[in-house]
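Me: I am new to this structure and would like a close look at one part of it. Could you walk me through the disulfides and what surrounds them?

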Amino acid sequence: MGLKFLLAFVCLWVLSSFLSLHASSDGLVRISLKKKKFDLDSLTVARNAAKHDIRLRNNGIYRDLGDSEVDIVSLKNYLGAQYFGEIGIGKSCEITYGSGAISGFFSEDNVLVGDLVVKDQVFIEATREGSPSFVLAKFDGILGLGFQEISVENVAPVWYNMVDQGLVSEKVFSFWLNRNPEDTIGGEIVFGGVDPNHYKGKHTYVPVTSKGYWQFEMGDFFVGNQSTGLCASGCAAIADSGTSLLTGPTAVVAQINHAIGAEGVVSMECKEVVAQYGDLILEMLIAQNQLRANETQEQILNYINQLCDRLPSPMGESTVDCDQISNLPNVAFTIGGRTFSLSPEQYILKVGEGDAAVCLSGFTAFDIPPPRGPLWILGDVFMSAYHTVFDYDNLKIGFAEAA
């Protein structure tokens, strides 16, 4: 049957549909992430899903968490934009989700998550995926960890069945995302508990305000030490590992990017063309008698640069001067009465090396319409800085400084 699926940015989409399996002696199953440097293509991939055939190999690291029944899925990191892990489902199955709609049919089979077997799991086998634009994706399918309230056809998610079948002792799962590009392990998902090696101090918990996504209320937003007042009366936000960046309403994100000196990628490229070919452009305009006599070269080029500023970036990307990163302000979110700060090194993503490097703002505009929106999405940029606990039993979300 034809089915419509939500995009990866509105749910916790993290796991591949084919798993290499590994378990530790403490009963925990870990799924690790590979890490590669971020590039512009990966930004597009991060917003969408893609079909890409790949055999995944496990790079798990095992730590002793005691005798608790915990299942750990290690994650791989692709370009800082995709965190994916390995599971097993059926015998020979390919599932690809992209932007917009997919076509497929429901199937039922056992799913292997680490060394846990989730029995009789209903899933979708995709027969047609509408968007061809995400061929760089490193995952083969999507495992949603949102609430059943937004599941297609109200199918019970894998996590629900893990709980109902008594496969985990605690109704909690947690994420650790590692942004260090030199490390082999890109992160871990722990099902059924929390790994104390992944965080420092104590978690700050806030209640889930709406079951669908893992939604909570966020307070004021700061640039430097200055309140923006943007969420002083409260904003709805979700924590989502399937979103690479930090997203929010267009008008608000535009203010934030302006405050940190970011400009649209297309605007930047336009200005680079003007800087390189400005004289040639002027000669062509003069040859076509398109210039007024009282206009100076400087006035003309300034006007062209102003036109560059008006050009939109199709995917909403904005850039900053890589040489100015150390001079940029910290940004901070207020959650549960606590301030969660991000340094410019944490919210800026560097693409490329040397003179060819481009530095992307971690803030991008994305408008989610009512009734689910408007929403802020605290994606991997935030979750890599703050270890995140999803407490299904008590319907709350916790954040602590990542270790």
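This is a predicted model: local features need pLDDT of at least 70, side-chain atom pairs count only at pLDDT 80 or more; totals for chains, interfaces and linings use all residues.

Reply: Happy to! A disulfide here is a pair of cysteine sulfur atoms within 2.5 Å. Residues are numbered from 1 along each chain as its sequence is written, and side-chain values use heavy atoms, with hydrogens and water left out.

By that rule there are two disulfides. Let us start with Cys 322 and Cys 359, whose sulfur atoms are 2.1 Å apart. The torsion about their S-S bond is about 120°, so this disulfide is right-handed. The pair links distant parts of the chain, 37 residues apart: Cys 322 is in the loop between β18 (318-320) and β19 (331-335), while Cys 359 belongs to strand β22 (residues 358-361). Strands are DSSP runs (E, at least two residues), numbered from the N terminus.

How exposed are the two ends? Cys 322 has a relative accessible area of 22% and is partly exposed, whereas Cys 359, at 1%, is buried. Buried means under 20% relative accessible area, exposed over 50%, and partly exposed in between (1.4 Å probe, protein chains only).

Now look at the strands around this link. β22 belongs to an open sheet of four strands, in the order β17-β18-β22-β21, with antiparallel pairing. Its edge strands are β17 (263-264) and β21 (348-351), each of which pairs on one side only. Two strands pair if DSSP finds at least two bridges between them. β18 and β22 pair in the antiparallel sense over two bridges, and Thr 319 has Leu 360 in β22 as its bridge partner.

The other disulfide joins Cys 231 to Cys 235, with 2.1 Å from S to S. Here the angle about the S-S bond is -90°, and the link is left-handed. Both Cys 231 and Cys 235 are buried.
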